[in-house]
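Please consult the sequence and the structure displayed below while reading.

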Amino acid sequence: MYKQLSEARKKWAQPMPDGLLEGQIILVTGAGAGIGATAARCFASFGANVILLGRTQSKLESVYDQIKQETATDPVVVPYDLANYLDGGCNELLDMIIEHYGRLDGLLHNAGILGDKVPLEHYNLDTWNKVMQINVSAVHALTSAMLPGLRKSTAASVVFTSSSVGRHGRAYWGAYAVSKFAIEGMAQVLADETEQAGIVRVNTLNPGATKTAMRAAAYPNEDPESLQCAEDKMDLYLYLMGKQSIGVTGRQFSSANWEPI
Ligand code: NDP
């Protein structure tokens, strides 16, 4: 099914080959729902063994079951609430990955929360801190924890999920927008730190308006049927995880204006 993802865009000169991610080990956060669930199933359909991290075990298990039905890959479920991330909180996860797979080839930071949509001056501090914890601090901590595993790959890809409001500030998007600006900065710093060694590439991806629960919460009056599905966005996710993007680092990508290279 997901091998047909590119069908909607037949104009492409370079469709993704079936075995694009064969044997790759990819950790996806927020893999239980929305874009993360689709990305995990998509990566698996192209041959990757995916590590499904998220906060709701039942959702992760449902994605796991789908992947087992759809592919012959070896997924793993890791229930983890990034709101509670403590220093060293994923050392055991790294140990499991190294023991089970030997290395990590891809890390898709996808989990995120919206927070409130109110003027900055009225933004609640507890909500602000929670958004920053999940969208920024846990992303930094998880990246740091996974880097030793990523360096064991011959070519590893780290993808940070951004947003259009993380590239141009917009009224009332509060901590969410600020957290996405922080992600863009984190990606640039990490890309600069890892570029010379040439093993780990780091890029940001703005999926653009996508039919998910988060989008519905952000735009309650919008007709969801007017939106693209996560499946329609997978080309760019595949490009950034696949071999075609080796050597591409420190860049900002958007689904809306991306063309196959
Ligand atoms: P959803 O809200 O549909 O899904 C978010 C996922 O993140 C869920 O699986 C959720 O788990 C998980 N998650 C949330 N909080 C935590 C936590 N504390 N610990 C672990 N996992 C958590 O969002 P989308 O799929 O729409 O968004 C995915 C990414 O894309 C986000 O980073 C978002 O900012 C970005 N994005 C989305 C756009 C859109 O239009 N949809 C546009 C631009 C960017 P659970 O289901 O268990 O709560």
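A cavity is a set of grid points where a 1.4 Å probe fits but cannot get out. The model considered here is predicted, and the structure holds four cavities of 30 Å³ or more.

Rolling a probe the size of a water molecule over the atoms shows where empty space is left. The largest cavity has a volume of about 50 Å³. Which residues line the largest cavity? Its lining consists of His109, Asn110, Ala111, Asn135, Val139, Phe160, Thr161, Lys180 and Ile183. Helix 4, strand 5 (156-161) and helix 5 are the elements that give two or more residues to this lining. By class, the lining of the largest cavity has four nonpolar, four polar and one charged residues.

**The largest pocket**

The largest pocket contains about 960 Å³ of space. It is lined by 42 residues, of which Asn110, Gly112, Ile113, Thr212 and Met214 are the closest to its centre. At least two residues of the pocket lining come from each of helix 1 (34-45), helix 2 (57-70), helix 5 (174-195) and helix 6 (213-218). Which helix gives the most to this lining? Helix 6 does, with four residues. The lining of the largest pocket divides into 20 nonpolar, 16 polar and six charged residues.

**Packing of the helices**

Two packed helices are described by the angle between their axes and the distance between the axes.

| Helix pair | Axis distance | Crossing angle |
|---|---|---|
| Helix 4 (residues 125-150) and helix 5 | within 8 Å | roughly 20 degrees |
| Helix 3 (residues 91-101) and helix 4 | within 9 Å | roughly 25 degrees |
| Helix 1 and helix 7 (residues 234-241) | 10 Å | about 55 degrees |

Angles under 35 degrees count as roughly parallel, and helix 4 and helix 5 are therefore roughly parallel to each other. Helix 4 passes helix 5 in a right-handed crossing. On the side of helix 4, the contact includes Trp128, Val131, Met132 and Asn135, while helix 5 contributes, among others, Gly174, Ala175, Tyr176 and Val178. The residues of this contact divide into 13 nonpolar, five polar and no charged.

The crossing of helix 3 and helix 4 is right-handed. Here Asn91, Leu93, Leu94, Ile97 and Ile98 in helix 3 meet Leu142, Ala145, Met146, Pro148 and Gly149 in helix 4.

Helix 1, by its angle of about 55 degrees, is oblique to helix 7. Their crossing is right-handed. Ile35, Thr38, Ala39, Cys42 and Phe43 of helix 1 meet Met234, Tyr237, Leu238 and Met241 of helix 7. This contact has eight nonpolar, one polar and no charged residues.

**A backbone detail**

Most residues other than glycine have a negative phi. Tyr172, located in the loop between strand 5 and helix 5, has a positive phi near 75 degrees.

Terms used:
Residues are numbered from 1 along each chain as its sequence is written. This is a predicted model: local features need pLDDT of at least 70, side-chain atom pairs count only at pLDDT 80 or more; totals for chains, interfaces and linings use all residues. Side-chain values use heavy atoms; hydrogens and water are left out. On a 1 Å grid over the protein atoms alone, a cavity is a set of points where a 1.4 Å probe fits but cannot get out, and a pocket is an open set with protein on both sides within 12 Å along at least five of seven lines; lining residues have an atom within 4 Å of a point. Grid points are joined across faces, edges and corners, and a volume is the space filled by probe spheres set on the points. Ala, Val, Leu, Ile, Met, Phe, Trp, Tyr, Cys and Pro count as nonpolar, Asp, Glu, Lys and Arg as charged, and the others, Gly among them, as polar. Axes are lines fitted to C-alpha atoms, for helices over the stretch in contact, and angles run from 0 to 180 degrees between N-to-C directions. Angles under 35 degrees count as roughly parallel, over 145 as roughly antiparallel, 65 to 115 as roughly perpendicular and the rest as oblique. A crossing is left-handed if the near helix is turned anticlockwise from the far one by less than a right angle, and right-handed if clockwise. Contact means heavy atoms within 4.5 Å.
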